[in-house]
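Please consult the sequence and structure shown below while reading.

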Amino acid sequence: MSKYNVLVVDDEAEIRDAIEIYLKNEDIKVFKAENGLEALEVLENEDLHLIILDIMMPKMDGIKTTFAIREERNIPIIMLSAKSEDTDKILGLNVGADDYVTKPFNPMELVARVKSQLRRYTSLGTHAASEDEIRVRGLVLNTTNKTVYVDEEEVRLTPTEYKILELLMKNKGRVFSIEEIYELVWKEPCLNAENTVAVHVRRIREKIEINPKDPKYLKVVWGIGYKIEK
């Protein structure tokens, strides 16, 4: 019996079928949809662990679909696009995607990214109860139920945002370089990942800071990296 359920959303049947073959080889059950509307319907009816989502699709594209998903769920999303420009990658990450793969892609690379996201998503909450809560003044992160509160108001983070914040909060005051953050959170070598980390940090700030331009929690140390202020 498959341990994970993954939804593949793409308007090209050949791509959906090809991804399904590779994921099934990893004992992953695959659901398929050809546009965002179908994807949301599958999400309502199935217990999914990850979504692979094309950006350019009819009826409802990947950007609008991601917005809709992020209103209710923090399930990992890997975006697919034929576009390779950096701005498109940043757009996908800005709307809530956890990772981005450009077409044409190496199927084994996609599988590796899927498995990496699944490991992070399903490993949340494995910490001992004795260390389930980390506090930095009004910022509280609970490692058991994966919640984050700012001044007693809950904020919703994606799995990747959560892991970055958890890393920094567990090491209050320590400065992590962009390379360190990427390798510790993504569990792979950091190759041209500066924008990826910066976009995620900016999104975290927008959610936990009253004034993201003058943050009191997540600080940048110019030329070095990021830290959570004690």
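**Structural briefing**

The largest cavity has a volume of about 40 Å³. This is a predicted model, in which local features need pLDDT of at least 70, side-chain atom pairs count only at pLDDT 80 or more, and totals for chains, interfaces and linings use all residues. Residues are numbered from 1 along each chain as its sequence is written, and side-chain values use heavy atoms, with hydrogens and water left out.

**Cavity**

- One cavity of 30 Å³ or more is present in the structure. A cavity is a set of points, on a 1 Å grid over the protein atoms alone, where a 1.4 Å probe fits but cannot get out, and lining residues have an atom within 4 Å of a point. Grid points are joined across faces, edges and corners, and the volume is the space filled by probe spheres set on the points.
- The lining of the largest cavity is formed by Ala18, Ile19, Tyr22, Leu23, Phe105, Pro107, Leu110 and Val111.
- Helix 1 (13–24) and helix 5 (107–123) are the elements that give two or more residues to this lining; helices (H or I, at least four residues) and strands (E, at least two) are DSSP runs, numbered from the N terminus.
- Helix 1 gives the most, with four residues.
- By class, the lining residues are eight nonpolar, no polar and no charged; nonpolar covers Ala, Val, Leu, Ile, Met, Phe, Trp, Tyr, Cys and Pro, charged covers Asp, Glu, Lys and Arg, and polar covers the others, Gly among them.

**Domains**

- The protein chain is divided into domain 1 (4–124) and domain 2 (133–228), with bounds from an automatic or database domain assignment.
- The centres of the two domains, taken over C-alpha atoms, are separated by 24 Å.
- To their contact (heavy atoms within 4.5 Å), domain 1 gives 21 residues and domain 2 gives 17 residues.

**Arg135**

- Arg135 belongs to strand 6 (residues 133–136).
- Not counting residues up to four places away in sequence, Arg135 touches Val140 and Lys172.
- Between Arg135 and Val148, 13 residues apart in sequence, the C-alpha to C-alpha distance is 9.9 Å.

**Backbone features**

- Lys103 and Pro104 are joined by a cis peptide bond, with omega about -10 degrees. Pro104 is found in the loop between strand 5 (99–102) and helix 5.
- Asp27, in the loop between helix 1 and strand 2 (28–33), has a phi near 60 degrees, a positive value in a residue other than glycine.

Definitions and conventions:
On a 1 Å grid over the protein atoms alone, a cavity is a set of points where a 1.4 Å probe fits but cannot get out, and a pocket is an open set with protein on both sides within 12 Å along at least five of seven lines; lining residues have an atom within 4 Å of a point.
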